[in-house]
Amino acid sequence: MPERFADQVVLVTGAVQGIGRAVAERVASEGARVALLDLPGSPVSGVAAGIDATGDRARPYEVDVTDAKAFGSCVADVAGAWGRIDGLVNNAGVNGPSAPVEDYPEDEFDRVIAVNLKAVWLGTRAVFPHLKRAGGAIVNLASTAGMAGYPGRAPYSATKHAVIGLTKATAVEGAPFDVRVNCVCPSGVETPMMLDAERAAGADRTRVREAFLASKPLGRYARPAEIAALIAFLLSPEAGYITGAPYLIDGGQIARP
Ligand SMILES: NC(=O)c1ccc[n+]([C@@H]2O[C@H](COP(=O)([O-])OP(=O)(O)OC[C@H]3O[C@@H](n4cnc5c(N)ncnc54)[C@H](O)[C@@H]3O)[C@@H](O)[C@H]2O)c1
C-alpha cells in the first residue's frame with residue numbers, strides 16, 4: 001500500500017473500537033504516526049500496542065474528550081512528542097437512549113451534546129493552531145441522522161446536524177491556511193454502537209435489525225474498514241480540493257425514494 005501519510009501525525013478520538021479503531025489502523029498502515037484517544041479505563045493502550053508495540057508510531061491517551069483541559073493537554077503532548085500534527089478525526093460519539101422528545105432525560109441530552117458536538121469543537125480548537133502552520137485536515141463523524149430526523153433520537157440527530165454546520169464554518173475559516181475540514185455521514189456500521197442499539201430493542205431486536213437492513217438498497221451494514229477508507233481519503237493529499245463537504249456513506253439509504 002502506498003504511504004499516503006508518511007511522516008504525518010494523526011489523532012483519532014474514540015479509537016478503541018468500531019470506526020475509530022479502523023481509522024487508526026488504516027492511517028498507521030499507510031505510514032502515519034497515530035495518537036489514539038479513548039476514555040480513561042478503556043483498553044486504548046492495548047489497541048495502540050497492537051499497531052506498534054514500541055510506542056514510536058502509536059501513542060495511547062486515556063482522555064475523556066469532553067474534558068477541555070485533558071483534551072488540550074493531550075494535543076500538546078502529541079505535538080511535543082512528534083513535533084507536528086497533520087490530522088484529527090473527531091470520531092468519539094454516543095448514541096444516548098432512545099426516548100420520545102418529551103420524556104428524554106435532561107442529563108442524557110447534555111451528555112449527547114457534550115460528546116457528539118462540544119468535544120468536536122474542543123478537538124478542533126486544540127489542533128487548529130498546529131494545522132495552520134503547514135496545512136492539514138480534520139474529518140468529523142456526522143451521520144445520516146445529520147440529514148434527517150430519527151424519531152426517539154432527537155438529541156443525537158441534533159448533534160449530527162450541528163456537526164455538519166460546524167464542519168462547514170470551520171472549513172471556511174481554515175481554507176486560507178490550507179486546513180481542510182470535512183465530515184462523513186454513515187448509517188448502519190457494524191460496530192459495538194450499532195449492536196448496542198439493536199440490543200436496546202430487547203425482544204424486538206431481530207425485527208429492528210431486519211427493518212434497518214431493509215432500509216438500505218445495499219442490504220447490509222457497512223464494515224468499519226469501509227468508513228475508514230473514506231476518512232483516510234479525506235485526510236490525504238488526494239482530497240486536496242475537498243473542504244466543507246458532508247460525505248454520505250450509507251448503502252444508498254438516503255437515495256431511496
Ligand atoms: N455505527 C454506526 O452505525 C454509525 C452511524 C453513523 C455515525 N456514527 C458515528 O461514528 C462515530 C463512531 O461510531 P462507532 O459506531 O464506531 O461507535 P462505538 O460506540 O463502537 O465506538 C465509539 C468509541 O468512542 C469512545 N468514546 C465515547 N465517549 C467518549 C469520550 N467522552 N471520550 C473519549 N472517547 C469516547 C468509546 O469508548 C468507543 O471506543 C460516532 O461519532 C457515531 O455517532 C456511527
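So, helix 4 and helix 5 are roughly parallel to each other, meaning an angle under 35 degrees. Helices here are DSSP runs of H or I with at least four residues, numbered from the N terminus. Helix 4 covers residues 106-134 and helix 5 covers 154-174; their axes cross at roughly 15 degrees and come within 9 Å. Those axes are lines fitted to C-alpha atoms over the stretch in contact, with angles running from 0 to 180 degrees between N-to-C directions.

Quick caveat: this is a predicted model, where local features need pLDDT of at least 70, side-chain atom pairs count only at pLDDT 80 or more, and totals for chains, interfaces and linings use all residues. Residues are numbered from 1 along each chain as its sequence is written.

Which residues in helix 4 meet helix 5? Among them are Phe109, Val112 and Trp121, and on the helix 5 side the list includes Tyr156, Val163 and Leu166. Contact means C-beta atoms, placed from the backbone, within 7 Å. Nonpolar is Ala, Val, Leu, Ile, Met, Phe, Trp, Tyr, Cys and Pro; charged is Asp, Glu, Lys and Arg; the others, Gly among them, are polar.

Now the ligand. There are 29 residues around the ligand, and Gly14, Gly18, Gly93, Thr191 and Met193 come nearest; being near takes a C-beta atom, placed from the backbone, within 6 Å. The shell around the ligand has 14 nonpolar, 13 polar and 2 charged residues. Where does the ligand lie? Domain 1 and domain 2 both give residues to the shell, so the ligand lies between them. The domain bounds come from an automatic or database assignment.

Technical notes. Helices (H or I, at least four residues) and strands (E, at least two) are DSSP runs, numbered from the N terminus. Angles under 35 degrees count as roughly parallel, over 145 as roughly antiparallel, 65 to 115 as roughly perpendicular and the rest as oblique. Two residues are in contact if their C-beta atoms, placed from the backbone, lie within 7 Å.
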